[in-house]
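Thanks, everyone. Let me put the model up, and then I'll walk through it piece by piece.

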Amino acid sequence: MGANVIVVEVDPLKALEAVMDGYSVMSSLEAAAVGDVFVTVTGDTSIIRKEHFERMKDGAVVCNTGHYDCELNIPDLAGLAKSVREVRANNDEYTMKDGRRIYLLAKGRLVNLAAAEGHPSEVMDMSFANQFLSLVRLAREGKSMGKKVYTIDKAQDTEIAVVKLSTMGRKIDTLTPAQVAYLTDFASGT
Ligand SMILES: NC(=O)c1ccc[n+]([C@@H]2O[C@H](COP(=O)([O-])OP(=O)(O)OC[C@H]3O[C@@H](n4cnc5c(N)ncnc54)[C@H](O)[C@@H]3O)[C@@H](O)[C@H]2O)c1
């Protein structure tokens, strides 16, 4: 959409990927002072808090699309504000004691669910397919499984990707036997 996107990270590998992909990467305190629209998507808590709200420009827009509404510390925002008014549905204007206005979308809840129409079916079909196949695995193997979190098998993700690509009419290539040998055989490969 032509936006200049800044990525804020705590994981050095993800941050480096973002730099290599051409995004600006900086600390959240640096970003707080220059951003126009802030979107949290971490699954973590209190990502944007008092020290960030204190640095934001007049007119900044903040929202969350991660796991829960705790990604934005709304009590901190309210504590800095002298007044709050709903300017339109899903858009609350917090006026700071110094006059700056910060706009909170969807009360910090998942903005694409709370303020729009949710996930498109083109995304949910893959998620539900994964959940369904995981339940099938649980029904078949559950008794022998331990009480821990299991990662979904790559084979299951691959099966869904194959079906999804075919429903989209997209074809991909397959490795030739010579390519398989080259990639897997230490003697012939590099
Ligand atoms: N709104 C939706 O429709 C929707 C859809 C899918 C996932 N989600 C949610 O989005 C969140 C992220 O999902 P994901 O699959 O991208 O997870 P992910 O783990 O791949 O990405 C989260 C990133 O946030 C970073 N992070 C964690 N704490 C941080 C902090 N304090 N400051 C800066 N960065 C921090 C992590 O390093 C990681 O790179 C999850 O909570 C997930 O449930 C929402």
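Start with Leu 105. Leu 105 counts as buried, because it has 21 C-beta neighbours inside 10 Å. The cut-offs: a residue is buried with 20 or more other C-beta atoms within 10 Å of its own, exposed with 12 or fewer, and partly exposed in between, with C-beta atoms placed from the backbone.

Before going on, a word on the source. This is a predicted model: local features need pLDDT of at least 70, side-chain atom pairs count only at pLDDT 80 or more, and totals for chains, interfaces and linings use all residues. Residues are numbered from 1 along each chain as its sequence is written.

Back to Leu 105. Leu 105 sits in strand β7. Helices (H or I, at least four residues) and strands (E, at least two) are DSSP runs, numbered from the N terminus. What does Leu 105 touch, leaving aside neighbours within four places in sequence? The contacts are Val 61, Cys 63, Asn 90, Asn 91, Val 111 and Ala 115. Contact means C-beta atoms, placed from the backbone, within 7 Å.

Ala 106 lies in the loop between β7 and α5 (111–114). Its phi is positive, about 55 degrees, although Ala 106 is not a glycine. Most residues other than glycine have a negative phi. Lys 107 is in the loop between β7 and α5 too. Phi of Lys 107 is also positive, near 55 degrees. Buried or exposed? Ala 106 is buried, because 20 C-beta neighbours fall inside 10 Å. Lys 107 has 17 such neighbours inside 10 Å, so Lys 107 counts as partly exposed.

Now the strands. β6 (residues 91–96) and β7 (residues 101–105) run antiparallel, joined by five bridges. Strands pair here if DSSP finds at least two bridges between them. Asp 92 faces Leu 104 in β7. The two strands form a hairpin with four residues between them. In that turn, Gly 99 has a positive phi of about 100 degrees.

On to β5 (residues 81–88). β5 pairs with β6, antiparallel, over six bridges. Val 84 has Tyr 94 as its bridge partner in β6. Glu 86 stands opposite Asp 92. This hairpin has two residues between the strands, and Asn 90 takes a positive phi near 65 degrees. How many of the eight residues of β5 are buried? Zero, so β5 lies largely in the open.

None of its nine residues is buried, so α1 lies largely in the open. Just after α1, Gly 22 takes a positive phi of about 100 degrees.

Now the core. The largest nonpolar core has 19 residues. Those with the most contacts inside it are Ile 48, Val 62, Leu 77, Ile 102 and Leu 104. β4 (60–64), α4 (74–80) and β7 each supply at least two residues of this core. By nonpolar core I mean a set of buried Ala, Val, Leu, Ile, Met, Phe, Trp, Tyr and Cys residues joined through C-beta atoms within 7 Å. Take Ile 48. Beyond four places in sequence, Ile 48 is in contact with Phe 38, Thr 40, Phe 53, Val 62, Leu 72 and Asn 73.

The ligand next. Of the 16 residues around the ligand, Asp 11, Thr 42, Gly 43, Asp 44 and His 67 come nearest. Near means a C-beta atom, placed from the backbone, within 6 Å.

Last, the overall layout. The protein divides into domain 1 (6–114) and domain 2 (121–184). The bounds come from an automatic or database domain assignment. How far apart are the C-alpha centres of the two domains? They lie 35 Å apart.

One more residue. Tyr 150 lies in the loop between α6 (121–141) and α7 (154–167). Tyr 150 is exposed, because 11 other C-beta atoms lie within 10 Å. From Tyr 150 to Ala 187 is 37 residues in sequence and 35 Å in space, C-alpha to C-alpha.

Notes
Two residues are in contact if their C-beta atoms, placed from the backbone, lie within 7 Å.
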